[in-house]
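Reader: Hi! Could you walk me through how the inside of this protein is packed?

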Amino acid sequence: MEKHCTDSQVRGVSTGTTILAATFNGGVVIGSDSRASIGGEYVSSKTINKVIQVHDRIFCCIAGLLADAQAVTKAAKFHLSFHSVQMETPPLVISAASVLKELCYKNKDELQAGFITAGWDRKKGPQVYVVSLGGMLISQPVTIGGSGSTYIYGYVDAKYKPNMSREECLQFATNALALAMGRDNVSGGVAHLVVITETGVEHVVVPGNKLPKFHDE
């Protein structure tokens with residue numbers, strides 16, 4: 001009997017998602033929701049942590065096909081670890097973003113993965129970079145991505161301010177994720193947030209029932 005693949009099997013597991021990163025005075029916040037989907041319709045997992053640590057003070061958020069994104073981040077971790085041993089110093093944030101960019105660009109015909117890279121280094125302090133699906137690299141003070149981002153562009157444009165305090169930026173990121181998760185059918189679960197500064201890294205998890213509400217749900 002001839003077998004036919006369904007549309008969801010062809011597409012694979014996606015991180016149908018909301019991801020973001022924003023700089024503040026002295027640091028950066030990076031975060032995401034926790035759902036993975038198949039075909040943009042069926043939620044296959046509610047417990048995916050899409051905020052991946054690639055070095056001590058460098059993290060990235062993943063979007064696109066989950067297997068592709070995980071393979072790229074695994075390779076990037078190896079490259080950055082080797083680089084830090086060679087140079088006897090932690091890698092710069094731009095170096096991590098460039099490694100991801102090169103991996104995405106060289107394999108653009110096979111991979112469907114995009115990234116937000118954020119971190120702190122001794123040279124430029126807090127930074128945020130976007131690596132697109134095709135391997136384009138852009139530096140921005142704040143950025144959002146994933147299927148849920150389409151619902152919060154207005155909020156981000158209106159509410160983000162340069163040089164916010166840590167508390168203001170963390171609340172801004174939490175509110176943005178909550179708004180997207182409330183509207184996007186494949187974003188949801190918990191909010192994973194990481195605060196990165198010169199002094200270290202702090203992980204913050206906000207359960208779904210603790211997220212702020214802005215409308216009747």
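Reader: Which residues have the most contacts inside the largest nonpolar core?
Author: Val29, Ile152, Val156, Phe172 and Leu193, in a core of 27 residues. Such a core joins buried Ala, Val, Leu, Ile, Met, Phe, Trp, Tyr and Cys through side-chain atoms within 4.5 Å; buried means under 20% relative accessible area with a 1.4 Å probe, protein chains only.

Reader: Which helix gives the most to this core?
Author: H5, with 10 residues. Helices here are DSSP runs (H or I, at least four residues), numbered from the N terminus.

Reader: Is this an experimental model or a predicted one?
Author: Predicted, with local features needing pLDDT of at least 70 and side-chain atom pairs 80 or more, while totals for chains, interfaces and linings use all residues. Residues are numbered from 1 along each chain as its sequence is written, and side-chain values use heavy atoms, leaving out hydrogens and water.

Reader: New topic: how many aromatic pairs does a search of the whole structure find?
Author: It finds 3. Rings of Phe, Tyr and Trp (its six-membered ring) pair if their centres lie within 6.5 Å; planes under 30 degrees apart are stacked, over 60 edge-to-face, the rest tilted.

Reader: Why is the pair of Tyr155 and Phe172 stacked?
Author: Their ring planes are at 10°, with centres 5.9 Å apart, so the pair counts as stacked. Tyr155 is in helix H4 and Phe172 in helix H5, 17 residues apart.

Reader: And what about Tyr160 and Phe172?
Author: Those planes are at 55° and the centres 5.7 Å apart, so that pair is tilted. Tyr160 is in the loop between H4 and H5, and both Tyr160 and Phe172 are buried.

How values were computed
Buried < 20%, exposed > 50% of the residue type's maximum accessible area, 1.4 Å probe, protein only. Helix = DSSP H or I, 4+ residues; strand = E, 2+ residues; numbered from the N terminus.
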